[in-house]
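Subject: Structure for you to look at

Hello,

Here is the structure I said I would pass on. What I found in it is set out below.

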Amino acid sequence: MPRLSRTSRREFLCRGAAVLAAPMVIPASVLGRQGSVPPSERVTLACIGVGGRGTANLRGFRALKGVELLAVCDVDRAHRERGLREAGLEAASGYNDFREVLARGDIDSVMVATPDHWHAHVAIAAARAGKDIYCEKPLAASVGESRAVRDTVRQHERVLQ
């Protein structure tokens, strides 16, 4: 009978054992072991507006186990640099324009603590960019702005708090 494969039974079994053993070398952090949070349970966050209240929020989010801070955004350079230090991030993770933050695909959610008259504008842009949102109050300057935020969040199936 002719041999159909060049792989011997012994080679096949050795390769099969190697494939089965491969998952054993996955780091424990990926599986959520040893006190770590697995990537599927982590939320990546950018903080937009890190003045007084924004910095307090940044500290609160940083203390949460399942939150990974990726970016800080503020038009005030001093606030932005302080926020970066608080978050333990490099200067490259600091932004002046919130639209650049929203363009990042690796960010799941944003914290908005800009001056009040910017809240609705940033929240609407974040929802359109596919980000979930934590926004300081007041949400908007008018009923019409509030409804626009609500409608955009619903349309894009985002979460807003």
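A residue is called buried here if its relative accessible area is under 20%, exposed if that value is over 50%, and partly exposed in between. Please keep in mind that this is a predicted model.

I began with helix H5, which spans residues 119-128. Of its 10 residues, 7 are buried, so by the definition above the helix is mostly covered. Those buried residues are His119, Ala120, Val122, Ala123, Ile124, Ala126 and Ala127.

Just after H5 comes glycine 130, which has a positive phi of about 85°.

Next is strand S5, where the side chains alternate. S5 runs parallel to S4, and 4 bridges join the two strands. Between S4 and S5 the chain passes through H5, making a β-α-β crossover that is right-handed. Opposite cysteine 135 in S5 stands valine 112.

The last item is serine 146, which lies in helix H6. Is serine 146 buried, exposed or partly exposed? Its relative accessibility is 27%, so serine 146 counts as partly exposed. Serine 146 and isoleucine 124 are 22 residues apart along the chain, and their C-alpha atoms are separated by 9.9 Å. Isoleucine 124 is one of the buried residues of H5.

Regards

Technical notes. Residues are numbered from 1 along each chain as its sequence is written. This is a predicted model: local features need pLDDT of at least 70, side-chain atom pairs count only at pLDDT 80 or more; totals for chains, interfaces and linings use all residues. Side-chain values use heavy atoms; hydrogens and water are left out. Buried means under 20% relative accessible area, exposed over 50%, partly exposed in between (1.4 Å probe, protein chains only). Two strands pair if DSSP finds at least two bridges between them. A crossover is right-handed if, with the strands pointing away from the viewer, the path from the first strand over the helix to the second runs clockwise.
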